[in-house]
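Have the sequence and the model open as you read.

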Amino acid sequence: MAKAITVIPATKNQYTALPKNALVKRRVAAYARVSTDSDEQFTSYEAQIDYYTKLIQKRDDWEFVGVYADEGITGTSTKNRDGFNEMINDALAGKIDLIITKSVSRFARNTVDSLTTVRKLKEHRVEVFFEKENIYTFDSKGELLITIMSSLAQEESRSISENVTWGQRKRFADGKVSMPYSHFLGYDKGPDGQPIINEEEAKTVRLIYSLFLHGKTPSGICRHLDAAGIATPTGRKRWSDSTVLSILQNEKYKGDALLQKKYTVDFLTKKQKVNEGEIPQYYVENSHPAIVSAEDFEHVQMEISRRRQLGRSYSGSSIFFSKLICGDCGAFYGKKVWHSNDSYRRTVWHCNNKFTAEEKCSTPTLDTVVIQQLFLQAYNELMGNRKPVIMACEEVRNMLCDFTQLDEQIEALNEEIHLLVEMVGQCIKENASTEQSQEEYTKKYNALSRKYDTAIAKLKKKVAERDQQAIQEKGISAFIASLKKCPLIVDAWDEELWITLVDTATVHHDNKIIFRFKDGTEITRTIYSPEDSQ
């Protein structure tokens, strides 16, 4: 017998699951987006909302759900688009049957985001219509067209990103400085677009530098600012160590600007990376008004470097901490209060190991007044020979300015590393393409790897030497500038002179104290008791 085949007509739409002949209204929403906050785009934004509202409401077979919109949001990612994400959530929750949007590029400039979202909506029987391209996602050709259009939109986004990046780098190359003024303490954007000093905020910046130079740690500065009720650059009530350090190390506060400290790695994710030499940087001197002097800035950098070398042994509770050193054991001097409850109260300093080490140090205990007076004597002696001291400092600075030998060594190491990378690659390629002893291959590969690791270690060491030499050069320059401005004779204690000029003061058991100034000059004075000065 012949087969009998009976056709059972479809009664529902395979995509929407709605009865084919039913007069059921589709719940329709629209999505509108503009990419900037300019006035022109605002007009477009309002026009899009009005257009889609009228378009949907005039259709008898459509039920208006609403217009979801994002204003001033980039299209390269759907991550931070609140209106878009709310619409998708409503659609997946069964509140929307059809989404209308202007074009694929308005929906998303990221191919992955676009396709993922469309497919997710399709699984939940939600259709998307792109007006400009006349694409319905339930159409058989829809996904292919969307893929093509999304890719084109992504390339358009890449082109825009590259143009923006080029513009930024051109500005950097021209030495044009911009700042994130909304959370950058001390500066406002001037009428000509250049930074101008905000005097009220600049007081806080100068206070931070002063507190640091007077011995305070970043955490100590935070406590001081919190207690004074001073707001952070972003308007918060509590300061953090990292914020204080960033202010102390930002060259913009001395009127210079290092441009292109970071760069965008991926135009889609907008992920940024610290520029470690991958792309050019530009250092602009005197690019804008300074809040702190170049000398103070360099003194701070030297002090930051010194404290890092000291590590946890540094204490910021006094300007004498971490500068007074015991000549017997090398430990720092610590502070102690004598006669704390009577009229003979005074502060004295002695070796921290004096009563704790097995071998007791024989270095003397010093009165604060004595330290101050001995420093004044050493300072006046130094200033009596100021001209030869400055000449010697300038010779040292000229020597430190010469990076020729280090640069040649760094370049040679870079060439060696590049060659070793090529040799490792060739070794791996040969092993993959020709039959050879794996034992010999492993031996050769490991030998090259060891040479590479050694070369990298040497390179890091030389780069660190160069950086340290640059810090020393700037420190000597700041010392010379301070020396030129200092008075020739001082008869009263001055904290600023101690902070800016003294490196260490080493106390010896024979009642001698050696003041070492930041240029390396050493001056010895004899210690006396406070009564001797009466």
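What follows goes from the whole chain to a cavity and then to a pocket.

This is a predicted model, so to speak of local features pLDDT must be at least 70, and side-chain atom pairs count only at pLDDT 80 or more, while totals for chains, interfaces and linings use all residues. Residues are numbered from 1 along each chain as its sequence is written, and side-chain values use heavy atoms, with hydrogens and water left out.

The chain holds 14 helices and 18 strands, taken as DSSP runs numbered from the N terminus (helices H or I, at least four residues; strands E, at least two). Of its 534 residues, 40% count as buried, meaning under 20% relative accessible area with a 1.4 Å probe, protein chains only.

A cavity is a set of points on a 1 Å grid over the protein atoms alone where a 1.4 Å probe fits but cannot get out; a pocket is an open set with protein on both sides within 12 Å along at least five of seven lines; lining residues have an atom within 4 Å of a point.

There is one cavity of 30 Å³ or more. Fourteen residues line the largest cavity, with L213, G215, E303, R306 and K323 nearest its centre. Helix α9 gives the largest share of that lining, four residues.

Helix α9 (294-310) also turns up at the second largest pocket, supplying at least two lining residues, as do α11 (386-401), α13 (438-485) and β17 (512-517). Nearest that pocket's centre, among its 19 lining residues, are M302, Q468, Q472, D503 and K518.

Definitions and conventions. Buried < 20%, exposed > 50% of the residue type's maximum accessible area, 1.4 Å probe, protein only. Points joined across faces, edges and corners; volume = space filled by probe spheres on them.
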